[in-house]
Amino acid sequence: MSSTVRVEESVQINKPPAAVWDAIADYGFDIEWRKGLREMTPDPPGPPASGTKVHEVVRTSGRDYVADTVVTELDPGVSYRFEGAGTIGGLRGGRAVRADVPGTGAVFTYSIELQPQGGIRLLRPILGSMVRSGLKKDLQKLKAILESRQPVAADPRATEADARS
């Protein structure tokens, strides 16, 4: 039996890939859509960059779980991967955004690989389903938030200039 727990979930979002990327590359925005997330601090501040260190605290079942990761790969506007360790043990994963098949929106995929250590190893048989269930709910919340956002209004002066041309 493998000691690694792998979870990957995707969600289709009716927004352009660039808008979805802007949201998921904003570490501070994670607090709005990830249940239990108390802290998500990148160092240096800003969007993911190769070498960015991220300190994350998630509270679940009355306990804080800490993870410290580093961005290991970055394809700006498309995907990034991270790895590190935390309360549960080793972890790595990634986030990716691509256009959906009809070309009308985006598909966001979040993958997580956990290597449970210590007493957490006893939870390995149920850890995957627990993480998957929470991730599915989080992705549905992300979808609802992003799809409810109104598009940024165009500069009315540009519209007037176009009309005169």
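**Loops, sheet, core and pocket**

Modeller: Keeping in mind that this is a predicted model, we can start with Pro44, which is placed in the loop between β2 and β3. The peptide bond that leads from Asp43 to Pro44 is cis, with omega near 5°.

Biologist: And which loop holds Ser61, and what is its phi?

Modeller: Ser61 sits in the loop between β3 and β4, and its phi is near 50°, a positive value in a residue other than glycine.

Biologist: Is Ser61 buried or exposed?

Modeller: Ser61 is exposed, since its relative accessible area is 73%.

Biologist: OK, on to the sheet. What is the strand order?

Modeller: The sheet is open and has seven strands, which follow the order β1-β7-β6-β5-β4-β3-β2 with antiparallel pairing. Because β1 (5-13) and β2 (37-43) stand at the edges with a single partner strand each, one side of each is left without a neighbour in the sheet. On average, neighbouring strands of this sheet are turned by 20° against each other, if direction is ignored.

Biologist: How many bridges join β2 to β3?

Modeller: There are six bridges between β2 and strand β3 (residues 53-60), and the two run antiparallel. Across from Met40 stands Glu56 in β3.

Biologist: What does helix α1 touch?

Modeller: Helix α1 (residues 17-24) packs on the sheet, where it touches β1, β4 (63-75), β5 (79-86), β6 (89-99) and β7 (106-116). The direction of α1 makes about 155° with that of β6.

Biologist: Switching to the inside, which residues have the most contacts in the largest nonpolar core?

Modeller: Those are Val20, Ile24, Trp33, Phe108 and Leu142, in a core of 35 residues. The largest share of this core comes from helix α3 (residues 124-148), which contributes six residues.

Biologist: What is Ile24 in contact with?

Modeller: If its neighbours within four places in sequence are left aside, Ile24 is in contact with Asp30, Tyr80, Arg95, Val97, Phe108 and Leu142.

Biologist: Which of them gives the most?

Modeller: That is α3, which gives eight residues to the lining of the largest pocket.

Conventions:
Residues are numbered from 1 along each chain as its sequence is written. This is a predicted model: local features need pLDDT of at least 70, side-chain atom pairs count only at pLDDT 80 or more; totals for chains, interfaces and linings use all residues. Side-chain values use heavy atoms; hydrogens and water are left out. Two strands pair if DSSP finds at least two bridges between them. Helices (H or I, at least four residues) and strands (E, at least two) are DSSP runs, numbered from the N terminus. Axes are lines fitted to C-alpha atoms, for helices over the stretch in contact, and angles run from 0 to 180 degrees between N-to-C directions. Contact means heavy atoms within 4.5 Å. A nonpolar core is a set of buried Ala, Val, Leu, Ile, Met, Phe, Trp, Tyr and Cys residues joined through side-chain atoms within 4.5 Å. Buried means under 20% relative accessible area, exposed over 50%, partly exposed in between (1.4 Å probe, protein chains only).
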